[in-house]
Amino acid sequence: MPRQTYYITTPIYYVNDMPHIGHIYTTVMADIFARYHRLSGREVRFLTGTDEHGQKIEKSAAAQGLEPIQLADKVVERYKHLWEVLNISHDDFIRTSQPRHQAGVAEMIKRIHASGDIFKGEYQGWYCAGAEAFVPDSQVEDGKDIESGYPVERLSEPSWFFKLSAYQDRLLTWYRENPECIKPKSRYNEVLRFVEGGLRDLSISRTSVKWGVPFPEDPEHVVYVWLDALTNYVSALGLGSEDSSLFDEFWPAQIHLVGKDILRFHCVYWPAFLMSAGIPLPKMIFGHGWWMKDETKMSKSLGNVVRPDHLIEKFGTDSLRYFLAREMAFGLDATFSDQAFLERFNADLANALGNTASRAVSMTGRFLDSQIPRDGDCGPIPEVARNTVEKYISHMEKLEPHRALETTWQLLSAINVFIQERQPWALAKKGDEGRAGLEGTLYGALEGLRIASLLIEPFMPDTAKALRTQRGATDLPTNLAAAPEWGGLKTGQAIGETTPLFPRVEIKKAMQEMALQDEQKADEKSSAAQGSETDESEDLIPIDDFAKVKLVVGVVKEAERVPKSKKLVRLMVDLAEPELRQIVAGIGAKYAPEDLLGRRIVVVSNLKPAKLMGVESRGMLLAASLDGDPDLLSPDGEVPPGTGVR
Ligand code: ME8
């Protein structure tokens with residue numbers, strides 16, 4: 001019988017900014033499922049990649065003085081490096097700038113055209129570049145798209161349209177006949193209600209954007225970035241190429257894993273495009289919840305995103321993977337906090353996992369000559385392990401990975417209690433009389449931990465391997481069909497060293513260190529913002545060097561203090577871009593935020609983004625520095641925002 005296939009995808013991420021915890025979350029969860037299904041014997045294909053076209057990227061690149069492809073190349077490197085560090089086991093990484101993808105998009109449009117679903121017209125209405133979405137009038141308030149919060153602009157341009165309105169009934173039939181096609185249920189209901197409300201035809205090309213896939217046979221237009229991006233799921237399987245083997249093997253996808261923010265694109269547009277193109281529909285779209293920070297939505301534009309570097313550097317890849325999978329009930333929102341991370345690190349990883357594992361191994365070293373003992377009276381552990389494996393598989397199949405972990409930790413806790421109750425140290429003192437009890441106890445603990453390592457494997461692959469190595473089980477199979485059976489560890493086999501897997505952290509101290517790190521970074525940045533006071537060098541620079549610095553006039557629209565900082569103020573500045581720019585400046589000792597509103601300032605707009613006390617700054621304002629005291633520079637007259645400064 002051919003092996004069951006499992007095709008899983010993540011969204012392809014925009015390259016206008018560096019990845020953060022949100023992107024990591026989706027990708028880590030997809031990786032966990034990909035690994036789980038591989039271990040369950042399925043033929044898995046796991047796709048991720050980057051969404052590189054469109055107005056948003058075009059503008060971001062221009063603001064940084066780069067060509068869009070240069071910006072894309074830079075951000076793609078960062079994504080690829082991060083996926084390596086995080087042990088992401090994707091089989092393919094698609095970039096929408098690749099020729100293979102563009103061939104797929106052309107094929108998709110050809111098919112939709114052949115179905116008679118495309119017509120030419122004129123788009124007149126709002127466009128939100130932040131969400132790359134055409135926005136109906138009813139969804140615009142104060143110049144913003146109320147759904148995404150990003151500013152909108154008025155468009156009036158020739159456009160190709162897709163007859164989305166003709167798909168309302170077919171979509172509703174699909175949802176109703178496939179109640180599992182959108183998950184969780186609340187999101188299924190949301191999409192159903194939306195489509196029941198009626199669908200309008202969709203503009204699928206732009207003429208005022210140049211950075212995109214040329215519209216087949218009408219190269220004045222580029223393909224609308226969402227039609228372009230969604231097609232990645234099939235272009236990566238070779239749609240539009242000669243070779244259909246991957247497509248034949250893996251399509252339709254078992255699951256498109258996405259954040260709830262882009263559900264509509266995936267649950268309405270995508271199936272309609274596929275229906276029109278005569279391509280089968282995916283089995284499921286899962287819209288997971290949103291990571292919040294400080295009770296607000298975490299997003300690039302708000303600048304309150306958590307970046308992973310310090311967490312990975314200090315606590316390792318696996319603890320971040322574990323935290324993300326355990327803390328968020330899959331499908332619901334959750335709040336990211338350093339404190340919660342550290343508490344879980346200590347309780348779940350250092351204690352429940354690390355301590356139990358090292359106790360069993362070190363006692364085997366001390367009392368049993370570092371050899372796996374004989375199987376014997378292992379108390380309740382074989383039964384608990386069997387039940388745990390069963391429950392774990394059921395949770396994973398039902399897309400409840402947080403509960404699968406919870407169950408696994410119940411097994412760890414049972415092993416810990418078992419060791420405590422049996423007291424191997426006391427049995428060891430009894431000599432021959434205690435020997436059988438001692439061997440049974442430690443075999444139970446070691447074998448229970450080997451089984452736990454198999455369940456941990458998709459979530460924390462390195463830790464799972466380390467656990468098996470410590471138990472002398474490096475070469476044992478890891479498939480989930482047979483490997484969890486009791487009795488895998490071989491009596492007499494030498495066990496490895498006890499190396500602490502997760503050394504406990506002192507939470508208060510670690511929190512202070514993290515805050516200090518943030519403060520130090522903020523100070524470095526703010527003294528850089530005030531000009532280097534120590535650099536007395538009179539070196540001259542050529543005019544070209546100066547020309548690299550892009551200075552523009554901005555108008556302050558919002559200002560507030562950065563919590564817990566004396567100096568830092570977070571500004572939202574109008575630079576005549578589609579979105580306000582967030583800039584963090586060390587001017588709070590001299591200026592009250594309310595006094596800054598409406599003020600014209602001069603901004604370096606093409607600086608690399610930096611984070612000050614956890615808040616992202618995408619630019620720097622100019623101030624004269626008198627003994628370190630900043631004095632803001634402003635133009636003389638009412639110069640419009642976005643005006644260049646020379
Ligand atoms: O939307 N919490 O790309 P994007 C949880 N290019 N997940 C989050 C998150 C948060 N705070 N922030 C981001 C795009 N994500 C399009 C997709 S697909 C054909 C095109 C995750 O870079 C989540 O998966 O804005 C969300 O859907 C995705 O990143 C958005 O990434």
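What follows is a short chat about domains, helices, strands and aromatic rings.

Q: Before we start, what kind of model is this, and how is it numbered?
A: It is a predicted model, where local features need pLDDT of at least 70, side-chain atom pairs count only at pLDDT 80 or more, and totals for chains, interfaces and linings use all residues. Residues are numbered from 1 along each chain as its sequence is written, and side-chain values use heavy atoms, with hydrogens and water left out.

Q: Great. What domains does the assignment give?
A: Domain 1 (5-302), domain 2 (310-470) and domain 3 (548-632). Those bounds come from an automatic or database domain assignment.

Q: How do domain 1 and domain 2 sit relative to one another?
A: Their centres, taken over C-alpha atoms, are separated by 39 Å. In contact terms (heavy atoms within 4.5 Å), 35 residues of domain 1 meet 28 residues of domain 2.

Q: And how much area do domain 1 and domain 2 bury between them?
A: About 2700 Å², with 69% of it on carbon and sulfur atoms. Buried area here is the accessible area (1.4 Å probe) that two parts lose on being put together, summed over both.

Q: Changing topic: where is Thr-408?
A: Thr-408 belongs to helix H15 (residues 401-422). Helices (H or I, at least four residues) and strands (E, at least two) are DSSP runs, numbered from the N terminus.

Q: Is Thr-408 buried or exposed?
A: Buried, at a relative accessible area of 0%. The cut-offs are under 20% for buried, over 50% for exposed and partly exposed in between (1.4 Å probe, protein chains only). Setting aside neighbours within four places in sequence, Thr-408 touches Thr-388, Tyr-392, Ala-452, Leu-455 and Ile-456.

Q: Why is helix H12 called largely enclosed?
A: Because 10 of the 11 residues of H12 (residues 317-327) are buried, the rest of the structure largely encloses this helix. Among those buried are Asp-318, Arg-321, Phe-323 and Arg-326.

Q: What covers the buried residues of H18?
A: The cover includes helix H1 (21-39), H12, helix H13 (338-368) and H17. The buried residues of H18 are Pro-461, Thr-463, Ala-464, Leu-467, Arg-468 and Gln-470. Just after H18 comes Gly-472, with a positive phi of about 65°.

Q: On to aromatics! How many aromatic pairs are there?
A: The structure holds 32. Rings of Phe, Tyr and Trp (its six-membered ring) pair if their centres lie within 6.5 Å; planes under 30 degrees apart count as stacked, over 60 as edge-to-face and the rest as tilted. Trp-226 and Phe-265 make a stacked pair, 3.9 Å centre to centre with 5° between the planes. That pair links distant parts of the chain, 39 residues apart: Trp-226 is in helix H7 (residues 225-230) and Phe-265 in helix H10 (residues 263-277). Both Trp-226 and Phe-265 are buried.

Q: Why does the pair of Tyr-443 and Trp-486 count as edge-to-face?
A: Their planes are at 65° and their ring centres 6.3 Å apart, so the pair is edge-to-face. Tyr-443 is buried at 1% relative accessibility, while Trp-486 is partly exposed at 25%.

Q: Which charged end sits over the ring of Tyr-167?
A: That of Arg-170, 4.1 Å from the ring centre. Likewise, the charged end of Lys-80 sits over the ring of Phe-93, 5.0 Å from its centre. The rule is that NZ of Lys or CZ of Arg is within 6 Å of the ring centre and within 35 degrees of the ring normal.

Q: Last topic, strands. What order do they take in the open sheet?
A: Five strands run E20-E19-E18-E21-E24, with antiparallel pairing. Two strands pair if DSSP finds at least two bridges between them. Strand E20 (581-585) and strand E24 (620-621) are the edges, each pairing on one side only. Six bridges join strand E18 (residues 551-561) to strand E19 (residues 569-574), and Ala-559 has Leu-571 in E19 as its bridge partner.
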